[in-house]
Amino acid sequence: MTEQKKTEQKQPTDAVKSYGWLGNTLSIAISLAIGVGGLYIYYHGQQQNAALKAENVALQQEIASLTQRQSADKQNFDAKFQELETSLQQTNSQSQRLDSSIAELQDRVSAFSNTDIENWRLAQASSLVKMAGRKVWSEQDITTAIALLKDADQNLAEMDDPSLLYARKAIMADIDSLSKIKQIDLDGIILMLNQLSNQVDNLHLANKIEQAASEKANDHGITASLSDWRQNLSNSWHSFMDNFITITPRDNSKEPLLAPNQGVYLRENIRSKLLIAAQAIPRHQVKIYQGALEDVQSWVKAYFDTSYPEAENFLNNVVSLQKRPLSIDVPEQLNSQPILAELVRKRIYNLPNSKQSQIGSQSEIQPEAQSQPSTGTTDQAKISVGES
């Protein structure tokens, strides 16, 4: 029993000892494992910390570099922005200067254009008045002269210049004075002369020259029949003798008689004189006109039989045309012509007052006085170019 108890007591003690050694071993192993693990973890943590520190340092350096680069970029951007701002300001100021220069140029061009247009209208009005004067004094064409004066007044009206009112009043006074002139129908006179030229063939020569010639031609006619050969031979002989020797009865006329074939030339000479008279009408050549009609009248009386109604009517028309005047009473001067000439001298050419137009230049100083047409320049004078 005791041995069993001893044996039983020894067995648990040995078991306890074996278990205790094993536990210690395990404990030591576990401790060693924990220590090795802790060392590994510590070492690994230190490596990671070192790597993280290195990465952190690299990141800090990179951040610093980026910060420096960003600062440099910002400075560059600020400098470029400042340059752009300065350039924009310069561009704006230059654009303003260009705008002002363009506006100034436009004003100058507009001023020049307006001045040129006004000068052109004034010069055209003066030229139209001069042309009207030539129409009045050279051609006595009153209708065209009035139309030209109206065109000149229209040019002055388009200028819209109150200082030109006195010039327009002078033009209106000239139009009024020309409208009162009684015109001559020169075209009607020319038509009458042409009608007389067509009537020349209806006139009969004096002493029955044409009638005798025609009767002789009829008496000595030659037929186509062979049986009339004796009569044809006789007619031929008499025709030859009549043409070889012509005997015309002489009356008391002082003019030499014409040969039977000279009547054609006489009629053509009369037509030529009528044409000369017609051409002298538009030139107002009174002496040429009257001389041509006198020649026509004398030739008709001398060489044609005035007992026929055709010749009598022809001579009556010639006498009537001789009494028709070719010239009209026109003013010696247009009131508006010296006024416009002086305006052109002063406004366009900037010339001093001329001696011949001092009276006209006073109208700008006293326009009210010039607005009344002077009576001294409206005296009528008969113009005859042919007589001059």
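How many helices and strands does the chain have? The chain has 12 helices and 2 strands.

## Basis of the model

This is a predicted model, in which local features need pLDDT of at least 70 and side-chain atom pairs count only at pLDDT 80 or more, while totals for chains, interfaces and linings use all residues. Residues are numbered from 1 along each chain as its sequence is written, and side-chain values use heavy atoms, with hydrogens and water left out.

## The chain as a whole

From the N terminus on, the order of elements is α-α-α-α-α-α-α-α-α-β-α-α-α-β. Helices (H or I, at least four residues) and strands (E, at least two) are DSSP runs, numbered from the N terminus.

Of the 388 residues in the chain, 24% are buried. Buried means under 20% relative accessible area, exposed means over 50%, and partly exposed lies in between (1.4 Å probe, protein chains only). Among contacts (heavy atoms within 4.5 Å) with a separation of 6 or more, 73% are between residues 24 or more positions apart.

Helix 4 has 13 residues. Its reach from first C-alpha to last is 19 Å, close to the 18 Å expected at 1.5 Å a residue; the expected span is 1.5 Å times one less than the number of residues. The buried residues of helix 4 are L186, G188, I189, L193, L196 and S197. Their cover includes helix 7, helix 8 and helix 9.

S197 lies in helix 4. Why does S197 count as buried? S197 is buried because its relative accessible area is 16%, under the cut-off of 20%. Apart from neighbours within four places in sequence, S197 is in contact with R271 and L274.

## Helix 9

Helix 9 (residues 309-322) has 14 residues and spans 20 Å from its first C-alpha to its last, close to the expected 20 Å. Its buried residues are A311, F314, L315, V318, L321 and Q322. Seen down the helix axis, these buried residues fall within an arc of 125°, so they line one face of helix 9. The arc is that of the directions from the helix axis to the C-beta atoms. An α-helix has 3.6 residues a turn, so residues three or four places apart point the same way.

Which helices are included in the cover of the buried residues of helix 9? They include helix 4 (186-198), helix 7 (263-280) and helix 8 (286-303).
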